[in-house]
Amino acid sequence: MYISSQSKCLSFSNNSSSSWFIIYFVFLLVLKRLCTGGELFDRIIKEEFFSETVAARVFKQIIQALNYCHSMNIVHRDLKPENFLFVSTDANADLKIIDFGLSKIMEGGKLHRMKTRAGTPYYISPEVLAGNYDVSCDMWSAGCMLYIPVSYTHLRAHETVLDLV
């Protein structure tokens, strides 16, 4: 509200010196929600494995988050349990997706092929390793994340990425 009214006041001024004030009065406001429940990875380690019911609830939230990102034309490209936070320590707490540092915005909402090899090796799809992939790379990573709490076999137990395939 302050920025809007400040910009409006400056835009009514006709002198040329006011235009640079408009540029400098633009602020970026980042709102963050405090997530006190810790990482999904930590909860997997703590509980050792998830029942099918818990795993289904968690995976549903992961898929819903991915669906939202993809509907907003965003490919995350670095999905892993460490990039999901629980809102609280409650057993039924909601998950929030974080760390969009490697994400990519799809131009024009079109499905584009990407070539940059980005992501965490334990959750990266074979197409990303080959350097020719699309938005579905997030689905592969989500599948890897589902495997961990159901089987309690963490992918890091393998020596190399080649052991996984």
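Phe86 touches Cys35, Thr36, Gly37, Gly38, Glu39, Leu40, Arg43, Ala93, Asp94 and Leu95, leaving out residues up to four places away in sequence; contact here means heavy atoms within 4.5 Å. This is a predicted model, in which local features need pLDDT of at least 70 and side-chain atom pairs count only at pLDDT 80 or more, while totals for chains, interfaces and linings use all residues. Residues are numbered from 1 along each chain as its sequence is written, and side-chain values use heavy atoms, with hydrogens and water left out.

**Around Phe86**

Phe86 sits in strand β2 (residues 84–86). Helices (H or I, at least four residues) and strands (E, at least two) are DSSP runs, numbered from the N terminus. With a relative accessible area of 1%, Phe86 is buried; buried means under 20% relative accessible area, exposed over 50%, and partly exposed in between, with a 1.4 Å probe and protein chains only. One of its contacts, Gly38, is 48 residues away in sequence, yet the two C-alpha atoms are 5.6 Å apart.

**The chain as a whole**

Let's step back for a moment. The chain has six helices and four strands, and from the N terminus on they run α-α-α-α-β-β-β-β-α-α. Of its 165 residues, 33% count as buried. Among contacts with a separation of 6 or more, 60% join residues 24 or more positions apart.

**Cores and helix α3**

The largest nonpolar core has 19 residues, of which Leu40, Ile62, Phe84, Leu95 and Met145 touch the most other members. A nonpolar core is a set of buried Ala, Val, Leu, Ile, Met, Phe, Trp, Tyr and Cys residues joined through side-chain atoms within 4.5 Å. Two or more residues come from each of α3 (40–47), α4, β2, β3 (95–97) and α6, and α4 gives the most, with five. Apart from this core lies another, of eight residues, among them Val75, Val128, Tyr133 and Val135.

Phe84 is in contact with Gly38, Glu39, Leu40, Ile62, Leu79, Leu95, Lys96, Ile97, Ile98 and Met145, setting aside its neighbours within four places in sequence.

Which residues of α3 are buried? They are Leu40, Phe41, Arg43 and Ile44. These residues lie on the same side of α3 because they cover an arc of only 165° around the axis, the arc being that of the directions from the helix axis to the C-beta atoms. Their cover includes α4, β2, β3 and α6.

**Two cavities**

Rolling a probe the size of a water molecule over the atoms shows where empty space is left. On a 1 Å grid over the protein atoms alone, a cavity is a set of points where a 1.4 Å probe fits but cannot get out, and lining residues have an atom within 4 Å of a point. Grid points are joined across faces, edges and corners, and a volume is the space filled by probe spheres set on the points. By this rule there are two cavities of 30 Å³ or more.

| Cavity | Volume | Lining by class |
|---|---|---|
| Largest | about 60 Å³ | six nonpolar, four polar, three charged |

The largest cavity is lined by 13 residues, and Arg77, Ala118, Tyr123, Ile124 and Ser141 lie nearest its centre. Helix α6 (residues 137–151) gives the most to that lining, with three residues. The second largest cavity is lined by Leu40, Ala55, Val58, Phe59, Ile62, Met145, Leu146 and Pro149. Its largest share, four residues, comes from α4.

Arg77 lies in the loop between β1 (74–75) and β2, and is buried at 12% relative accessible area. Glu48 is another non-glycine residue with a positive phi, near 70°. Glu48 is found in the loop between α3 and α4 and counts as partly exposed at 45% relative accessibility.

Lys104, in strand β4 (residues 104–105), is partly exposed at 33%. Beyond its neighbours within four places in sequence, Lys104 is in contact with Asn73, Ile74, Val75, Arg77 and Met114.

Terms used
On a 1 Å grid over the protein atoms alone, a cavity is a set of points where a 1.4 Å probe fits but cannot get out, and a pocket is an open set with protein on both sides within 12 Å along at least five of seven lines; lining residues have an atom within 4 Å of a point. Ala, Val, Leu, Ile, Met, Phe, Trp, Tyr, Cys and Pro count as nonpolar, Asp, Glu, Lys and Arg as charged, and the others, Gly among them, as polar.
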